[in-house]
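These are my notebook entries on one predicted model. I set down what I looked up, entry by entry.

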Amino acid sequence: MKNIVKGVIAFVAVIVIGITVSIIMKPRDKAVTVMGAVGGGKENFLADPDILAILHDKYNINLKVDNWSNNKLIKDTIETKEKKDYDFVFFSDERFYEYYKRPAAADEAPRLKTLKSNIVLSTPIVIYSWDTICDTLISNGLVEKIQDTYYIVDMPAVLSYIENNTKWSDIGIKDIYGKINIASTDPVTSSPGTTYYGLLASIMNEGYVDESNIDNVLPKLKDFYKLSGFMNNTPADLFDLYLRMGKGAYPMIVDYEKSIIDFANNNPDGFNKVKDKVRILYPNPTIWNSHCIMSFSENGTSYVDALADPEIQKIAWEKYGFRTGVVGGEYDVNSVPVKGIPQEITSATKGLQKEIYDKIIEALKN
């Protein structure tokens with residue numbers, strides 16, 4: 001009996017020793033937590049499990065982010081809830097990124113020293129419409145189809161229809177009630193709407209808008225804004241309403257190119273129901289929305305560098321519709337489920353400076 005007890009004790013001891021050794025010998029997670037302050041519009045991209053796995057396994061990064069508004073990112077002291085500086089900031093609009101690069105004004109929080117910065121994710125403004133409307137616009141000489149892509153080749157004419165209260169029936173579309181309009185989110189409160197009005201300003205000015213000529217354009221923008229009627233504040237809501245309610249309620253809307261790719265991947269059944277009717281129209285020129293990053297620490301710089309990983313850029317394009325890398329670089333239009341998207345955007349106007357956008361927003365508020 002004693003021998004049996006001794007044997008059991010010895011067996012248990014071996015197991016305990018084995019477990020202890022395995023715990024001691026188990027490699028520790030070398031990944032560091034990298035903290036970022038981020039603007040909106042890329043939440044799903046940042047939380048993508050495949051991207052997080054690449055960051056951890058290849059770059060030893062555990063990503064943690066806090067959501068901020070872009071305005072607060074440039075006006076407030078950027079620090080975490082633990083009162084520590086962030087490793088990076090990821091703006092959702094290039095105008096805030098360029099503004100933050102400058103020395104802080106006397107009434108602003110001091111800027112953190114930037115180690116590295118990049119434009120990481122980009123998507124152009126497009127007009128979403130419907131097949132029969134697009135056909136009529138083609139017959140009126142406003143839209144051209146080049147290969148599989150539709151381009152608005154006469155944006156001033158389209159805008160003049162809106163400014164002159166032209167009805168849909170006046171251009172041959174009898175089954176849509178009311179006046180021609182392009183629905184957008186409110187430029188006073190929404191980034192896509194603001195970007196769109198920056199494009200409108202450039203078109204109305206027949207060229208780039210700056211401090212020397214913005215005052216000439218503001219009256220036209222204010223009149224256009226008054227004609228636009230009710231506006232959504234959330235881009236996702238507007239795009240959802242466009243798809244759900246159809247051409248009668250939303251003949252044309254302004255949004256980003258990425259929205260249709262994101263929708264096609266996340267709701268393939270819904271996309272299959274509308275894909276033959278939806279038309280993506282590229283304004284000539286269009287304007288880019290770019291998500292830009294800057295690092296404040298070595299860990300933040302590691303994250304900036306990791307975002308250039310080809311696997312991450314492939315996911316950014318194929319799953320979320322963000323164009324990445326150099327022109328025609330890490331993305332292939334044949335790798336997304338949406339037809340009619342050009343490989344390159346060849347006609348685009350420069351984004352305006354933040355001060356010009358501020359003047360536009362203030363004018364529209366009043």
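**Entry 1. The second largest pocket.** I began with the second largest pocket, which is lined by 35 residues; Glu94, Ile119, Ser122, Trp288 and Ser290 lie nearest its centre. For the search, a 1 Å grid is laid over the protein atoms alone: a pocket is an open set of points with protein on both sides within 12 Å along at least five of seven lines, a cavity is a set of points where a 1.4 Å probe fits but cannot get out, and lining residues have an atom within 4 Å of a point. I noted a volume of about 700 Å³ for the second largest pocket, a volume being the space filled by probe spheres set on the points, with grid points joined across faces, edges and corners. Which element supplies the largest share of this lining? It is β4, with six residues. At least two lining residues each come from α5 (94-101), β4 (116-130), β9 (286-295), α13 (298-306) and α15 (354-365). I took helices (H or I, at least four residues) and strands (E, at least two) as DSSP runs, numbered from the N terminus. By class I recorded 14 nonpolar, 10 polar and 11 charged residues. Here Ala, Val, Leu, Ile, Met, Phe, Trp, Tyr, Cys and Pro count as nonpolar, Asp, Glu, Lys and Arg as charged, and the others, Gly among them, as polar.

**Entry 2. Basis of the values.** The model is predicted, and local features need pLDDT of at least 70, side-chain atom pairs count only at pLDDT 80 or more, and totals for chains, interfaces and linings use all residues. Residues are numbered from 1 along each chain as its sequence is written, and side-chain values use heavy atoms, with hydrogens and water left out. I found an average pLDDT (the predictor's confidence in each residue, from 0 to 100) of 89 for the protein chain, with 89% of the residues scoring at least 70. Over residues 20-26 pLDDT stays under 50, and there the model has zero contacts beyond four places in sequence. Contact means heavy atoms within 4.5 Å.

**Entry 3. The chain as a whole.** I recorded 15 helices and 10 strands. Of the 366 residues, 48% are buried; buried means under 20% relative accessible area, exposed over 50%, and partly exposed in between (1.4 Å probe, protein chains only). Among contacts between residues at least 6 apart in sequence, 75% join residues at least 24 apart.

Entry 4. The largest pocket holds about 1,100 Å³ of space. I listed 42 lining residues for the largest pocket, with Gly40, Gly41, Ser191, Pro192 and Pro235 nearest its centre. The most is given by α11, with five residues. This lining divides into 14 nonpolar, 18 polar and 10 charged residues. I then searched the whole structure for cavities of 30 Å³ or more and found one. The largest cavity has about 30 Å³ of space, and its lining is Leu137, Leu142, Val158, Tyr161, Trp168, Ile171, Ile180 and Met252. What classes make up that lining? I counted eight nonpolar, no polar and no charged residues.

**Entry 5. Helix α3.** In α3 (residues 49-59) I found Ile51, Ile54 and Leu55 buried. They lie on the same side of α3 because they cover an arc of only 100° around the axis, taken from the directions from the helix axis to the C-beta atoms. The face turned away carries the exposed residues Pro49 and Asp57. The cover over the buried residues includes α2 (43-46), β2 (61-67), α13 and α14 (310-320). I looked at isoleucine 51 in particular: its relative accessibility is 3%, so it counts as buried. Leaving aside neighbours within four places in sequence, isoleucine 51 contacts Phe45, Ile312 and Ile315.

**Entry 6. Glutamate 257.** Is glutamate 257 buried or exposed? Glutamate 257 is buried, at a relative accessible area of 0%. It is placed in the loop between β7 (253-256) and α11 (258-266). Beyond neighbours within four places in sequence, its contacts include Tyr128, Trp317 and Arg323.

**Entry 7. Backbone exceptions.** Most residues other than glycine have a negative phi, and most peptide bonds are trans. I noted a cis peptide bond joining asparagine 284 and proline 285, with omega about 10°. Glutamine 147 has a positive phi of about 55° and is exposed, at 73% relative accessible area.
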